[in-house]
Amino acid sequence: MRDKTTTAEQVATGLRSGMTLGIGGWGSRRKPMALVRAVLRSGITDLTVVSYGGPDVGMLAAAGRIRRLVTPFVTLDSIPLEPHYRAARERGALTLAEMDEAMFLWGLRAAAHRLPFLPVRAGLGSDVMRINPDLRTVTSPYEDGETFVAMPALRLDAALVHVNRADRSGNGQYLGPDPYFDDLFCAAADTAYVSCERIVDTAELTGQAPPQTLLIKRHTVTGVVEAPHGAHFTSCAPDYGRDESFQRTYATTPWPEFAARFLAGDDQAYRSAVGEGT
Amino acid sequence: MTGATRAEYCVVACAEAWRGDGEVLASPMGLIPSLGARLARLTFAPELLLTDGEALLVRPDGTPEGWLPYRQHLDLVTGGRRHVMMGASQLDRFGNQNISCIGDRERPRRQLLGVRGAPVNTLNNPTSYWIPRHSRRVFVERVDVVCGVGYDRAAGARYHRIPRVVSDLGVFDFATPDRSMRLASLHPGVTLGQVREATGFELTVPDEVPASRAPTAEELRLIRQVLDPAGARVREVAA
């Protein structure tokens with residue numbers, strides 16, 4: 001079996017400016033933050049980011065890396081409004097293609113199924129149609145004749161996700177209560193990178209946990225990164241909860257100061273700065 | 001009457017949103033709607049399903065009875081067996097709701113949450129609203145971004161319904177010929193003038209405005225002793 005283990009640095013090296021990048025997790029929950037920090041350290045910019053947004057979006061927006069954002073929301077959950085994203089929006093720093101939560105999911109599903117679109121009963125009547133003038137509708141060919149939004153596939157050049165465990169060939173496992181949409185992000189992408197708390201032997205994946213926890217299949221995965229605490233400061237149940245104290249520091253520190261203090265060095269430097277800072 | 005506070009009237013007014021809904025998911029957003037949904041579940045709407053706010057369906061005592069991760073929650077929305085009570089940064093007289101941003105969309109004066117699930121909610125299952133501070137900043141003539149769809153934009157939307165809007169001043173619905181907002185009841189101590197003053201559009205007002213239903217003694221016991229013994233509700237609606 002091919003060994004797909006790699007490093008966050010190498011993942012970022014494989015990405016290019018201008019890509020459409022999908023980021024897994026949800027809000028401030030199980031975000032691939034170690035991979036996002038590697039993107040920040042690289043020179044990659046001009047990204048189209050597709051994400052149920054949290055601090056991943058906040059950091060990339062604050063650093064000026066996002067040209068276009070496709071999202072239904074950006075939130076830190078316990079802090080409803082993401083301050084760095086908000087500041088970026090209020091200075092007009094990025095284009096926002098705002099989608100409904102379900103439209104976004106149908107878009108990922110369409111991409112994963114290699115369909116150009118899926119009909120969805122959401123968006124009509126709302127300003128999502130005005131915000132995204134390229135959206136088209138489709139009428140049922142059956143006797144109901146209902147009109148739907150034809151949600152276009154959200155095809156991704158690359159996906160970044162973080163899970164609890166993975167093996168070296170890219171089988172990824174979540175152990176918390178919610179898989180979020182990480183399997184769909186991987187299936188919708190041309191290349192997908194999975195970071196995990198711990199790389200384990202394949203047999204160990206089902207040693208303690210039921211097979212239903214095996215969310216991500218290796219044929220959808222390009223590279224695997226072992227990144228302990230790699231979702232910090234977002235939650236990664238059951239390995240750890242959200243670091244609320246550090247999230248408050250993130251939310252209340254001006255971006256240049258935060259970046260200088262926590263993001264100037266490598267990931268080892270981040271971890272020790274976090275240790276000192278909290 | 002039993003000395004119920006304004007916040008307790010609001011809890012009961014929110015609970016009433018789910019009366020008669022049957023075996024559907026109650027999705028409350030915000031503290032007072034959450035108390036309302038659980039109060040309804042414990043009293044007159046025992047068939048309601050509730051979540052723990054994350055991925056579990058739970059009984060009122062917290063015992064898990066089902067699994068509802070976000071992906072299944074979104075599927076459940078489109079299946080329609082749900083009644084959500086959302087918040088609103090802005091709400092207009094036909095029930096269009098905004099939680100996305102204020103001002104110019106390219107460069108907003110105030111970036112808010114984003115459309116979230118408001119478009120899919122309003123086209124698929126009953127959507128009520130909770131406004132903890134009734135003011136002209138919220139109740140506006142026209143919202144800046146239509147997230148939740150109102151009656152004037154819902155032509156052909158077969159599952160669109162806005163059963164009620166609850167604020168700290170009263171209860172509102174759309175039971176008018178043109179489906180514009182109507183005052184359905186006033187909370188005790190609130191005057192009609194106060195509501196008109198705090199509403200940025202023409203509100204239909206019936207000749208006789210009913211008073212919002214008072215909590216029963218059992219409801220007050222549940223709110224005060226079981227659901228919110230720490231009294232967090234006063235932080236959302238002051239007495």
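A: Let us begin with burial: a residue is buried under 20% relative accessible area, exposed over 50%, and partly exposed in between (1.4 Å probe, protein chains only). In this structure, B:Tyr151 and B:Phe174 are both buried. The model is predicted: local features need pLDDT of at least 70 and side-chain atom pairs count only at pLDDT 80 or more, while totals for chains, interfaces and linings use all residues. Residues are numbered from 1 along each chain as its sequence is written, chains are lettered from A and ligands numbered from 1 in the order in which they are written, and side-chain values use heavy atoms, with hydrogens and water left out.

Q: How are B:Tyr151 and B:Phe174 arranged, and why is the pair called tilted?

A: Rings of Phe, Tyr and Trp (its six-membered ring) pair if their centres lie within 6.5 Å; planes under 30 degrees apart count as stacked, over 60 as edge-to-face and the rest as tilted. The ring centres of B:Tyr151 and B:Phe174 are 5.2 Å apart and the planes stand at 50°, so this pair is tilted. B:Tyr151 lies in the loop between strand E10 (127-131) and strand E11 (165-167) of chain B, and B:Phe174 in the loop between strand E12 (170-173) and strand E13 (182-186), 23 residues apart. Helices (H or I, at least four residues) and strands (E, at least two) are DSSP runs, numbered from the N terminus. Over all chains there are 20 aromatic pairs. One aromatic cluster consists of A:Trp26, A:Tyr52, A:Phe73, A:Phe104, A:Tyr180, A:Phe181, A:Phe185 and B:Tyr70.

Q: How many residues does each chain give to the contact between chain B and chain A?

A: Contact means heavy atoms within 4.5 Å. Chain B gives 37 residues and chain A gives 45 residues. Buried area is the accessible area (1.4 Å probe) that two parts lose on being put together, summed over both. Here that area is about 3,600 Å², and carbon and sulfur atoms give 49% of it. On the side of chain B, B:Tyr70, B:Arg71 and B:Arg116 lose the most area to chain A, together 22% of what that side buries.

Q: How many salt bridges are found across this interface?

A: Side chains of opposite charge can pair when their charged atoms come close. A salt bridge is a side-chain nitrogen of Lys or Arg within 4 Å of a carboxyl oxygen of Asp or Glu. Across the interface of chain B and chain A there are 7 salt bridges. In one of them, the side chains of B:Arg71 and A:Asp183 meet at 2.6 Å, N to O. Another links A:Glu101 with B:Arg116, the closest N and O atoms being 3.0 Å apart. A:Glu101 lies in helix H5 (residues 101-112) of chain A and B:Arg116 in the loop between E9 and H4 of chain B, so this pair joins two chains. Both A:Glu101 and B:Arg116 are buried.

Q: Which parts of chain A does the salt bridge of A:Arg41 and A:Asp267 tie together?

A: The side chains of A:Arg41 and A:Asp267 meet at 3.1 Å, N to O. A:Arg41 belongs to helix H2 (residues 33-41) and A:Asp267 to helix H11 (residues 267-277) of chain A, so the pair ties together parts that are 226 residues apart in sequence. A:Arg41 is partly exposed at 27% relative accessibility, whereas A:Asp267 is buried at 15%. Over all chains the count comes to 32 salt bridges.

Q: Is B:Thr127 buried or exposed, and which backbone oxygen lies 3.1 Å from its side chain?

A: B:Thr127, in strand E10 of chain B, is buried, with a relative accessible area of 0%. A polar contact is a pair of N or O atoms within 3.5 Å; within protein, one must be able to donate a hydrogen and the other to accept it, and residues adjacent in sequence count only if both atoms are side-chain atoms. The backbone oxygen of B:Asn125 lies 3.1 Å from a polar atom of the B:Thr127 side chain, and that of B:Asn121 lies 3.4 Å from such an atom.

Q: Is B:Gly20 buried or exposed?

A: B:Gly20 is exposed, with a relative accessible area of 74%. B:Gly20 lies in the loop between helix H1 (6-15) and strand E1 (25-28) of chain B.
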